[in-house]
Amino acid sequence: MAARMDLDGRPIKPMTICMIGAGGFIGSHLCEKLMAETPHKVLALDVYNDKIKRLLEPDSLPWAGRIEFHQINIKHDSRLEGLVKMADLTINLAAICTPADYNTRPLDTIYSNFIDALPVVKYCSENSKRLIHFSTCEVYGKTIGSFLPKDSPLRKDPAYYVLKEDTSPCIFGSIEKQRWSYACAKQLIERLIYAEGAESGLDFTIVRPFNWIGPRMDFIPGIDGPSEGVPRVLACFSNNLLRREPLKLVDGGQSQRTFVYIKDAIEAVLLMIENPDRANGHIFNVGNPNNEVTVRQLAEMMTQVYTKVSGEPMLQSPSIDVSSKEFYGEGYDDSDKRIPDMTIINKQLGWNPKTSLWDLLESTLTYQYRTYAEAIKKSMAKPTAS
Ligand SMILES: NC(=O)c1ccc[n+]([C@@H]2O[C@H](COP(=O)([O-])OP(=O)(O)OC[C@H]3O[C@@H](n4cnc5c(N)ncnc54)[C@H](O)[C@@H]3O)[C@@H](O)[C@H]2O)c1
Ligand SMILES: O=c1ccn([C@@H]2O[C@H](COP(=O)(O)OP(=O)(O)O[C@H]3OC[C@](O)(CO)[C@H]3O)[C@@H](O)[C@H]2O)c(=O)[nH]1
């Protein structure tokens, strides 16, 4: 493998990375990238490893010996500190991060996103180890614009909705709107990490992902996850399409999101890993401001793309409206609009996303169809117990 250079033309030394939550959606893509394109070693920590099994099994693969899986629940495992100490860099991805859990399991959500992350920050700080911590775009909450009258011309002014790391406020709903338990826990851990940087000299980078999507995201209920489970929107809509049932639009599908392809976003993370001088001390939005749609438009687009990749005809009524109370239960609330400002990541790392929403949906739904269509057909053909 040719020597890798950083953005300032210096050779990059191979490093050991302690990746917590390596078995999840983002972790699996990051492990894959690090194995295929870099000489770095990964200590992969997670409770599960199904999504990275392919990287772990065959001893003959070029990266054999560079990835080591440790089955660890960071809530209670004394091996954590030793693994952080063994590494040059810790990346913490571990979290409960599916909205269906925020209002129904608020305690687990707060513990997972704040309490369980505390020892990781402490071990990095005490041992002078670099930390890349995964936060979320949800820390911005709602836009300032959403509080303006519906017909206000100011709603069209980017100053009222584009989300900037260093100036935008964090606007959450009231306490009984438990949806915000996740965002609030993420915000507090961001503040703690920032304070460790300011008071104890911790070298940190905080990542705020804006709806990264692609293959291996979450699970398909009843196939590789619980039948009653509610994953994030990509997997919900994929599940509906695969089962030939209407896509459920929560509260009319009016909320807006910007979606970025996981492979583009992973490029940004690799730049952070390999350019510590440019990434340390920064909070980065990582998203694609050009891929904005309402959830209703996303449903329409996914339906069209799925029809193309599966060859199956479209349903007569491809979507239905459901209330958020019916779908998520009491205490749900929503972010109205999420457009990332890209100034900081552009300036520090020169990163820009490349993939259009149509293209990323085409490759993702091709993967979903190839991976799940047969299993779904079989499960639907099975007689149900009466
Ligand atoms: N995917 C996105 O678009 C997105 C958006 C915003 C924020 N994030 C953040 O990025 C991170 C990763 O997200 P993801 O989409 O890969 O989610 P994911 O659920 O696929 O991955 C999280 C992984 O962490 C593991 N984990 C959770 N608790 C653990 C514990 N106590 N001990 C060990 N492992 C544990 C899970 O088993 C899972 O494999 C999360 O912190 C999430 O809040 C992701
Ligand atoms: O079947 C469905 C499922 C969801 N919706 C609506 O889609 C919007 C997006 O939902 P989702 O991707 O599940 O989650 P959010 O974008 O709201 O939150 C995530 O953003 C980042 C992260 O931190 C981690 O991924 C997480 O909190 C939303 O409006 C749903 O109501 C639907 O209509 N139908």
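1. Leaving aside neighbours within four places in sequence, Asn49 is in contact with Leu56 and Phe69; contact means heavy atoms within 4.5 Å. Asn49 sits in the loop between β2 (41-46) and α2 (53-56). Helices (H or I, at least four residues) and strands (E, at least two) are DSSP runs, numbered from the N terminus. Asn49 is buried, at a relative accessible area of 17%. Buried means under 20% relative accessible area, exposed over 50%, partly exposed in between (1.4 Å probe, protein chains only).

2. A word on the basis. This is a predicted model: local features need pLDDT of at least 70, side-chain atom pairs count only at pLDDT 80 or more, and totals for chains, interfaces and linings use all residues. Residues are numbered from 1 along each chain as its sequence is written, chains are lettered from A and ligands numbered from 1 in the order in which they are written, and side-chain values use heavy atoms, with hydrogens and water left out.

3. The largest nonpolar core has 68 residues. Such a core is a set of buried Ala, Val, Leu, Ile, Met, Phe, Trp, Tyr and Cys residues joined through side-chain atoms within 4.5 Å. Residues with the most contacts inside it are Met19, Ile91, Trp212, Met272, Ile273, Val286 and Leu361. Helix α9 (residues 262-274) gives the largest share, eight residues. A second, separate core of 24 residues includes Leu45, Ala117, Ile189 and Phe204.

4. Take Ile273. Not counting residues up to four places away in sequence, Ile273 touches Met15, Ile17, Leu30, Leu34, Leu89, Ile91, Arg130 and Ile132.

5. There are eight aromatic pairs. Rings of Phe, Tyr and Trp (its six-membered ring) pair if their centres lie within 6.5 Å; planes under 30 degrees apart count as stacked, over 60 as edge-to-face and the rest as tilted. Tyr328 and Tyr332 are stacked, 4.0 Å centre to centre with 15° between the planes. Tyr328 is buried at 15% relative accessibility, and Tyr332 is buried at 9%. Ring pairs join Phe327 to these two tyrosines in a cluster.

6. Two charges sit over rings. The charged end of Arg208 is over Tyr140, 4.8 Å from the ring centre. Lys337 does likewise over Tyr161, at 4.6 Å. The test is NZ of Lys or CZ of Arg within 6 Å of the ring centre and within 35 degrees of the ring normal.

7. Now ligand 2. Of the 23 residues around it, Tyr102, Glu138, Tyr182, Lys248 and Asp334 come nearest; a residue counts as near if one of its heavy atoms lies within 4 Å. An N or O atom in the side chain of Asp334 is 2.6 Å from an oxygen atom of ligand 2.

Terms used
Polar contact = N/O pair within 3.5 Å; in protein donor to acceptor, adjacent residues only side chain to side chain.
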